[in-house]
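Trainee: Before we look at anything, could you show me how to read packing features from a model, giving the general idea and then the case at hand?
Mentor: Gladly; let us open the structure and start from a single residue.

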Amino acid sequence: MRQLPPLNALKAFDAAARHRSFTKAADELHVTHGAVSRQVATLESHFRIALFIRGSRALTLTQEGIKLAHAVERAFDNLLDASDALHQLNESGSTLRVSVPPSLAMWWLMPRLSELDNTQPGFQIELSTSIEPVDFEQGGYDAAIRRIDATPRGLRAERFLDGGSVPVCSPQYQRNNEVFSPQDLVRATLLVSRSENNAWSEWMRGNGIRRAPDAAAKVFDQLYFALVAAMDSLGVALAPIALVQEEVRKGNLCIIAGELVPARRAYALLCPRTSPKLDAVLAFGRWLKHAAPGAKGSRRGAVA
């Protein structure tokens, strides 16, 4: 099964957007012109929109391409800043390798990593992104963060962040489309993530809402892209409340009231029960719980 999200496609798009040229992007990435073109076409297929206007001498970003380029630039800048900060943590020479869902990494973890230096000195953290089920034998990591409702067999889990989901959209989309209650979603454009393709149906059942099978929807590979689309007023995304609270506070997103479904889910730090790096995992887990907001309804604590 292919690992998501298509980070290589994002890298190719970022380089092409900066250089306004597939050839120069290919030179930067040490790949062929055709490889960059195919990766960009992959993103355009995901979004079902054109990101560039291909000219005879140069590329021109479309309006949608400009928005995505800004979002990708911010995300890569956050990753670079976090990487620089984490490299400075290596005092003992020990590295804790952690696998994290990309949406959690971009929307919640990265903005908080600058705090880690003050609270957890003495070890280095190496992050990778994945939404695949954890596999500590083949995965090449020491710990993993996943959204769970039960602890996988043979693993230790430390819940630290509420995983209940809420519908969110931009204030502009809410006003223009008069989407103020769960029932209004029957006529809204839903932004669906393939990585959680049953999430909307579960939420609809929990709130007693029925939509026509052919109702408007846009499908994305990852929740991260669905949330970017929501901020760009393309529709309504369903996201864990913990990931969007900051954007709601800033006024970039607004929550459409409804039940948290499934409210029993939480983000948890997972590791083998007999992990040789258990002390480092527990230290990272304590920091995660410290960094998590103490919102009402969050479920924390060790899970057997």
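Mentor: At 0% relative accessibility, Trp 287 counts as buried, where buried means under 20% relative accessible area, exposed over 50% and partly exposed in between, with a 1.4 Å probe and protein chains only. This is a predicted model, in which local features need pLDDT of at least 70 and side-chain atom pairs count only at pLDDT 80 or more, while totals for chains, interfaces and linings use all residues. Residues are numbered from 1 along each chain as its sequence is written, and side-chain values use heavy atoms, with hydrogens and water left out.

Trainee: How is a pair of aromatic rings described?
Mentor: A pair of aromatic rings is described by the distance of the centres and the angle of the planes. Rings of Phe, Tyr and Trp (its six-membered ring) pair if their centres lie within 6.5 Å, and planes under 30 degrees apart count as stacked, over 60 as edge-to-face and the rest as tilted. A search of the whole structure finds 10 aromatic pairs. For Trp 200 and Trp 203, the ring centres are 5.9 Å apart and the planes stand at 85°, so this pair is edge-to-face. Trp 200 is buried at a relative accessible area of 8%, and Trp 203 is buried at 0%. In Phe 284 and Trp 287, by contrast, the centres are 5.8 Å apart with the planes at 15°, so the pair is stacked.

Trainee: In which helix do Phe 284 and Trp 287 both lie, and how many residues apart?
Mentor: Both belong to helix H11 (residues 278–291), 3 residues apart, about one turn of the helix; helices (H or I, at least four residues) and strands (E, at least two) are DSSP runs, numbered from the N terminus. Phe 284 is itself buried, with a relative accessible area of 1%. Trp 200 and Trp 203 are separated by about one helical turn because they are 3 residues apart in helix H8 (residues 199–206).

Trainee: Which residues of H8 are buried, and what covers them?
Mentor: The buried residues of H8 are Ala 199, Trp 200, Trp 203 and Met 204. Seen down the axis of H8, these residues fall within an arc of 130°, so they line one face of the helix; the arc is that of the directions from the helix axis to the C-beta atoms. Their cover includes E7, strand E8 (190–193) and strand E10 (236–240), with contact meaning heavy atoms within 4.5 Å. Just after H8, Gly 208 takes a positive phi of about 65°.

Trainee: Which residues have the most contacts inside the largest nonpolar core?
Mentor: A nonpolar core is a set of buried Ala, Val, Leu, Ile, Met, Phe, Trp, Tyr and Cys residues joined through side-chain atoms within 4.5 Å. The largest one has 70 residues, and Phe 13, Phe 52, Trp 108, Ile 145 and Phe 284 have the most contacts inside it. Helix H9 (residues 223–231) gives the largest share of this core, 8 residues. A second, separate core of 16 residues includes Leu 190, Ala 199, Val 236 and Cys 254.

Trainee: Is Ser 170 buried or exposed?
Mentor: Ser 170 counts as buried, at 3% relative accessibility, and is found in the loop between strand E7 (165–169) and helix H7 (171–177). Not counting residues up to four places away in sequence, Ser 170 touches Ala 230, Met 231, Ser 233, Asn 252, Leu 253 and Cys 254.
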